[in-house]
Amino acid sequence: MKRFTILLLLTLLAAVVSAQTPAPKNAELPAYPSPEGVWVVLAKNRPEPGPGTLLGARLLRAAAGSTDFREVAVLQAATSLAELRLLAGQPVIDGLRAALRLPSDEAVWTFVQTHPNLDSYGVHGLSMSLRRALGTVMLDASAAQAAPGTRYVYRLAPAANFKPEKATGAAAIKPMEKTVEIGRRSNLPRPRARRSLGRDSSVVVSWAARVQPGASTVFGRVYRQGPGERGFALLPGRLLVRQVRDSAFFVLEQRVEPEAMYRYYLEPLDFVGNPGPASDTAYVLSVTAGRMPLVQRATAHDTTAGIVLRWPALPRKAYLAGIEIQRSRDARGNYVRLDTLPATATSYLDTRLLPNIGYHYRLRALLPKGIPTPGAASATAFASHQPGAMAALLAPVALTAEPEREGVRLRWLPAAPDLTHDAYYVYRGTSTQDSLVVVSPPLRGNVLTFLDTTARNGRREYVYAVRDANQNMQLSPFSALASARPNRAMPVAAPLGISAYAAGPAVQLTWDDARRDPAVVAYRLYRRAASATAATGPARAADFTRLAAALVSPAYTDAAAKAGQTYQYAVAAVDAQGTESPLSPVMVVRVTGAPLVPPAQLVARPVATGLEVSWSRPAVAPAKGYALYRRQRDQLTAQRLATLTATQTRYLDQTAKPGTLYIYSLSALTPTAESARTPEISARR
């Protein structure tokens, strides 16, 4: 810290040159234009006060091409809580209170006085307002009023009480200057919408951008347009970037109204708040995919005018924009869009037909902008257009389904001999209410069995039916249903990653939600002490201690972590059968611990047997307890009256004499330290 200060002092001394003497070629000053003005970043730690130090340095400015430098800012640090509020702002103080779990603004000020290094503030150390209050940056706020394209030259000058004799060798240091152009657009890369997921009352949107040399994407601000809103509005707060190798990621999770369409876009910001190019727009529907209405129980019938499709009406939902009709001659694929209908439609007549040709149809609901509902088509139908009369077919009988190897074996019998028989088709669904889709090729000849190897989910019960088709491509009704579950092992996927940070004595952990796999029902969290001998390969659960076994949400607070310790955390997903996934990548966290502060709200009152002293229980109890001090009015120094446990919140002073005024104060204790005392309070017995 002192060595760094001396180097800056040498630079400041060299900056003091005669106005009549041309200045040598300047070293570049770390000055950055922003919407708030021009920031000058000078240090990572708060400088020490006094002559010959960085505090009090002056920032000079002149128009480009001019030598008329004028003072526009002075480097200063907050010297009181009032100045901290003025320079940093109350929102920054509130954020520090929440992150550090401090009981009051005064406790925040105590923490700031004893922690000059920005590393002590975690993500809040990125706040330029806090850094200004710590005395590590200067702001030329007047530059924000300049017209875009205006160019200024900035120069550092020493404070009035700077003592050159404390900075030997200053003549060898060149002045620090920089020319800054106001209003220049940041060169940050443009983010791209990566993933959008909607649930009944929440949405998750993520963006990704390439990390480019010279670009410093730190934050992102998000704009949203909700239902009934004419334009986009800026959401409160900012997203913090998460950088993984050569990519930067932003993730927004927000509570919203159910069954509504939302649009989002993100604008990246550099560390001083300059915006980059906005992302593309992400569309999110706040409906859980499994609960979206689907087109179901579609039927197809041949008529003299063509093939008529019918289906039950969709429920009236504002987010349903239409129904898409697809058609193919092959049940296994090659579907093309035939038409798009309003969401209120319940029938469709297909007249673009060839005689004696069988057609397979798929129907699915559409969201606004033509976005299909998640998953495959929700209804299927088949018909063949015959100009003449059509003979009815009987459905196959005695259908059975049973697991075989990793698939499902189907067997059936014909209902009656049929000389016009051409082929059987096997249909499959996932429930008795689900629409069935064809999963087999045409099974011609005397084939009365089929092995379904495409049923890949060993946790799911599949439902099957068979239909008979004659040589005119007419189809029989469905056979009776049969169901089976394949003997296929289903591994559980590990969560993609885990993030953690120390918040005082506790560790806050979050990880990617693995419940995109419907089989995942819970998480198990593991922890171990970090050591130099820890394995570098994939983590194993046997090497860890389990912290929690049935977590439903992808988050956890480890309140049992000890200050000063370094831990490794990993998480695994668990399905309903208790199968556990491999562990996620390991996250390493060092617990710094919260500052030791005395209790708040110390009160003393007379009772029948003496004076009772009480106080509020702090959010984090001290490790050892409390020390209670007492003095009388004529005594300058208080003496320790009692040492109390961490669970106590009151003490009865039975030695207090009637009619005497006593003054009390209280401090918190650890095995190795004692906090400052509370403000003194007095009471008379």
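Guide: Gladly! Buried means under 20% relative accessible area, exposed over 50%, and partly exposed in between (1.4 Å probe, protein chains only). The model is predicted, with pLDDT of at least 70 needed for local features and 80 or more for side-chain atom pairs, while totals for chains, interfaces and linings use all residues. Numbering starts from 1 along each chain as its sequence is written, and side-chain values use heavy atoms, without hydrogens or water.

Searching the whole structure gives 26 salt bridges (a Lys or Arg side-chain nitrogen within 4 Å of an Asp or Glu carboxyl oxygen). Let's begin with Arg199 and Asp513, whose closest N and O atoms are 3.6 Å apart. Arg199 sits in the loop between β9 (192-198) and β10 (202-210), and Asp513 in the loop between β34 (506-511) and β35 (520-529), so this pair ties together parts 314 residues apart in sequence. (Strands, E, at least two residues, and helices, H or I, at least four, are DSSP runs numbered from the N terminus.) Arg199 is partly exposed at a relative accessible area of 29%, and Asp513 is partly exposed at 21%.

Next come Arg488 and Glu406, with 3.3 Å between their closest N and O atoms. Arg488 belongs to the loop between β32 (482-484) and β33 (498-503), Glu406 to the loop between β25 (397-404) and β26 (407-413), so parts 82 residues apart in sequence are tied together by this pair. Arg488 counts as buried, because its relative accessibility is 18%. Glu406, at 46%, counts as partly exposed.

The loop between β32 and β33 also holds Arg485. Arg485 forms a salt bridge with Glu461, where the closest N and O atoms are 3.7 Å apart. Glu461 lies in the loop between β30 (449-452) and β31 (462-470), so here the parts tied together are 24 residues apart in sequence. Both ends are partly exposed: Arg485 has a relative accessible area of 40%, Glu461 one of 33%.

Elsewhere, salt bridges that share partners join Arg85, Arg97 and Asp105 into one network. If you want to find them in the viewer, α2 covers residues 81-88 and α4 residues 105-114.

How values were computed. Axes fitted to C-alpha atoms, helices over the stretch in contact; angles between N-to-C directions.
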